[in-house]
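Here are some friendly notes to read alongside the structure. They take the sheet to begin with, then a residue within it, and then the spaces in the fold.

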Amino acid sequence: GKGGEGKSRVGLVMRALLGDNMNTGSIQKVEISPFARADLEHLLVMVDDDMKLEALLPVIRGEMPLKAHCHRADDICTAIRIAKEFGVNMTLEHCTEGHLIPEVVARSGFPAAVGPTLTNASKIELVNKTFETPGVLARAGVQVSIITDNPVIPQSYLPLCAGLAVKAGMDPFEALKAITINPAKHLGVEDRVGSLEPGKDADLVLVDGDPMVSDSHIRAVWI
C-alpha cells in the first residue's frame, strides 16, 4: 500500500542522507533499482529545501544529541541500533520498559530520562509502566534522570516521583542524583548547574526533612 511504500522511500532517503555519502547528497552507494533511484533522486531534491530535515543536520554532525522518544522495549532497542549504526549521540526519553532490558540500555552507554510515571497507562506503550524502572536502570549502570514531562505532570511533583522511585527500590542517593546532576548531564549543562560546586549556578534549599518525602516542608530558598 501507499503507507508502506512511503515508509520505504523515507528509509532510503535517510540512508542516503546518513550514509558515507551524506555530505554530497549522492546515492550511488544505495543499492536500489533504476526506477527507485530516479524516484529517490527526486525526493533528495525536495530534501534540499526541507527545513524539517535540515534541522537534523546538527544531529548528524554531532553538534547536538538525538532525543529518542521511546516507551516499549523493542522501540528502545531500535533507537539504540540506529544510533549505533550511524554514530549518532543520543538520549533515551521516557524509556518506559527500560526495566525489561536494563543490560541492553546499560551496554549502549546512552542516558535515560524516565517518566512521566505518575500517570495512568493511557496507551498500549505504557502497559508496563512502573516506578521500579529508574532503580532497575540505575543498578545496571545507566545514567538515569527522573522526569514529569511537565506540563503532563506538574514539575512541582518531581521530588514526589523520586520518592516513589525510592519506595519501589531505588537507592535514595541515586534518586537525588536523578533529579539534580543527572538531568544536567542529560542536557549537557552540568558545567553550569546540577550540583553544589564552585563556579556553578545554584539555588540553596533548606528543608525540614527528606526532600523526597511529601510531608517535608521547604523553610528557605537562597537564589
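**Notes on a predicted model**

1. Please keep in mind that this is a predicted model. Residues are counted from 1 along each chain as its sequence is written.

2. Four strands make up an open sheet, arranged in the order β1-β2-β3-β4, and their pairing is parallel. At its edges lie β1 (66-70) and β4 (144-146), each of which pairs on one side only. On average, neighbouring strands of this sheet are turned by 25° against each other, direction ignored.

3. For A113, the bridge partner in β4 is S145. Helix α5 (residues 73-86) packs on the sheet, where it touches β1 and β2. The direction of α5 makes about 165° with that of β2.

4. Now pick out T91, which sits in strand β2 (residues 90-94). Is T91 buried or exposed? T91 is buried, because its relative accessible area is 4%, and the cut-off for buried is under 20%. Leaving aside residues up to four places away in sequence, T91 touches P65, L66, K67, A68, P111 and H186.

5. A search of the whole structure turns up one cavity of 30 Å³ or more. The largest cavity holds about 40 Å³ of space. Its lining consists of V114, P116, T117, F131, P134, I146, I147, C161 and A165. By class, that lining has eight nonpolar residues, one polar and no charged.

6. The volume of the largest pocket is about 1,300 Å³. Its lining comprises 43 residues, and the closest to the pocket centre are L158, P159, L176, I179 and T180. Sorted by class, the lining of the largest pocket has 25 nonpolar, twelve polar and six charged residues.

7. Which elements give two or more residues to the lining of the largest pocket? They are β4, α8 (158-167), α9 (172-177), α10 (181-187), β5 (204-207) and β6 (218-222). Of these, α10 gives the most, with five residues. While you have β4 in view, recall that β4 is also an edge strand of the sheet.

Key
This is a predicted model: local features need pLDDT of at least 70, side-chain atom pairs count only at pLDDT 80 or more; totals for chains, interfaces and linings use all residues. Side-chain values use heavy atoms; hydrogens and water are left out. On a 1 Å grid over the protein atoms alone, a cavity is a set of points where a 1.4 Å probe fits but cannot get out, and a pocket is an open set with protein on both sides within 12 Å along at least five of seven lines; lining residues have an atom within 4 Å of a point. Grid points are joined across faces, edges and corners, and a volume is the space filled by probe spheres set on the points. Ala, Val, Leu, Ile, Met, Phe, Trp, Tyr, Cys and Pro count as nonpolar, Asp, Glu, Lys and Arg as charged, and the others, Gly among them, as polar. Buried means under 20% relative accessible area, exposed over 50%, partly exposed in between (1.4 Å probe, protein chains only). Contact means heavy atoms within 4.5 Å. Two strands pair if DSSP finds at least two bridges between them. Axes are lines fitted to C-alpha atoms, for helices over the stretch in contact, and angles run from 0 to 180 degrees between N-to-C directions.
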